[in-house]
Amino acid sequence: MRVNTVDDIKMPPIARETIDQQDVKLLRDWITSMPGRRVLDPPVMSPEGGTFAEPIEISLTEHEPGAEIRYTLDGSVPALSDRRYEKPIKLTGPAILRARAYKDGFTRSITAQEVFIIGK
């Protein structure tokens with residue numbers, strides 16, 4: 001994830017404003033060639049976190065067919081016992097939305113996280 005972003009977690013964090021897509025592909029191919037269970041990609045949140053004047057709805061997507069997404073709104077790490085994503089999540093106040101993908105036979109995804117500030 002760090003090599004595939006120019007956001008705060010970028011790698012290296014200094015003097016880097018573009019993503020080398022060829023290197024990202026090389027790393028992804030190397031990681032997925034390793035023995036063991038495949039690892040699910042983290043869910044994608046849309047829109048991304050930020051400050052919003054009005055309530056919003058957040059959609060979560062996962063590219064692996066049959067994977068389910070579990071999420072929390074309090075900043076805790078989602079577990080299989082947490083809420084299952086089934087429809088867009090309506091936020092009317094501040095929240096730390098965290099989501100993780102699960103599927104039998106796969107290693108769960110890392111946790112995706114966005115901070116949403118709703119209202120003035």
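Does Lys103 count as buried, partly exposed or exposed, and at what relative accessibility? In this predicted model, Lys103 counts as partly exposed, at 25% relative accessibility. The protein has 120 residues, of which 30% count as buried.

**Overall architecture**

- Read from the N terminus, the elements follow the order α-β-β-β-β-β-β-β-β.
- Among contacts between residues at least 6 apart in sequence, 51% join residues at least 24 apart.
- The accessible surface of the protein is about 8,300 Å², and carbon and sulfur atoms account for 54% of that area.

**Helix α1 and its surroundings**

- Helix α1 covers residues 21-32, which makes 12 residues.
- From the first C-alpha to the last, helix α1 reaches 16 Å, close to the 16 Å expected at 1.5 Å a residue.
- The number of buried residues in α1 is 1 of 12, so the helix lies largely in the open.
- Leu27 belongs to helix α1 and is partly exposed, with a relative accessible area of 38%.
- Together with Trp30, Ile31 and Met34, Leu27 makes a nonpolar surface patch of about 410 Å².
- A salt bridge of 2.5 Å, N to O, brings together the side chains of Asp29 and Lys25.
- Asp29 and Lys25 are 4 residues apart in helix α1, and therefore about one helical turn separates them.
- Asp29 counts as partly exposed at 37% relative accessibility, whereas Lys25 counts as exposed at 51%.

- Side chains of opposite charge can pair when their charged atoms come close.
- The count for the protein comes to 6 salt bridges.
- Glu64 is located in the loop between β3 (56-61) and β4 (68-72).
- Glu64 is buried because its relative accessible area, 15%, falls under the 20% limit.
- One partner of Glu64 is Arg38, whose side chain meets that of Glu64 in a salt bridge of 3.0 Å, N to O.
- Arg38 lies in the loop between α1 and β1 (44-46) and Glu64 in the loop between β3 and β4, so this pair ties together parts that are 26 residues apart in sequence.
- Another partner is Lys103, which forms a salt bridge with Glu64 at 3.0 Å, N to O.
- Lys103 sits in the loop between β7 (95-102) and β8 (112-118), and its pairing with Glu64 links distant parts of the chain, 39 residues apart.
- Lys103 is partly exposed at 25% relative accessibility.
- Elsewhere, salt bridges that share partners join Glu68, Arg70, Arg84 and Glu86 into one network.
- Leaving aside residues up to four places away in sequence, Glu64 touches Arg38, Leu40, Lys103 and Phe106.

**Gly50 in strand β2**

- Gly50 is part of strand β2, which comprises residues 50-52.
- With a relative accessible area of 23%, Gly50 is partly exposed.
- Not counting residues up to four places away in sequence, Gly50 touches Val115, Phe116 and Ile117.
- Gly50 and Pro94 are 44 residues apart along the chain, and their C-alpha atoms are separated by 9.9 Å.

Conventions:
Residues numbered from 1 in each chain as written. Predicted model: local features only at pLDDT ≥ 70, side-chain atom pairs only at ≥ 80, totals over all residues. Heavy atoms only, no water. Helix = DSSP H or I, 4+ residues; strand = E, 2+ residues; numbered from the N terminus. Buried < 20%, exposed > 50% of the residue type's maximum accessible area, 1.4 Å probe, protein only. Contact = heavy atoms within 4.5 Å. Areas by Shrake-Rupley, 256 points an atom, 1.4 Å probe, with all protein chains shown as cover. Expected span 1.5 Å × (residues − 1). Patch = residues over 30% accessible without salt bridge, like charges linked within 9 Å, V, L, I, M, F, W, Y side chains within 5 Å. Salt bridge = Lys/Arg side-chain N within 4 Å of Asp/Glu carboxyl O.
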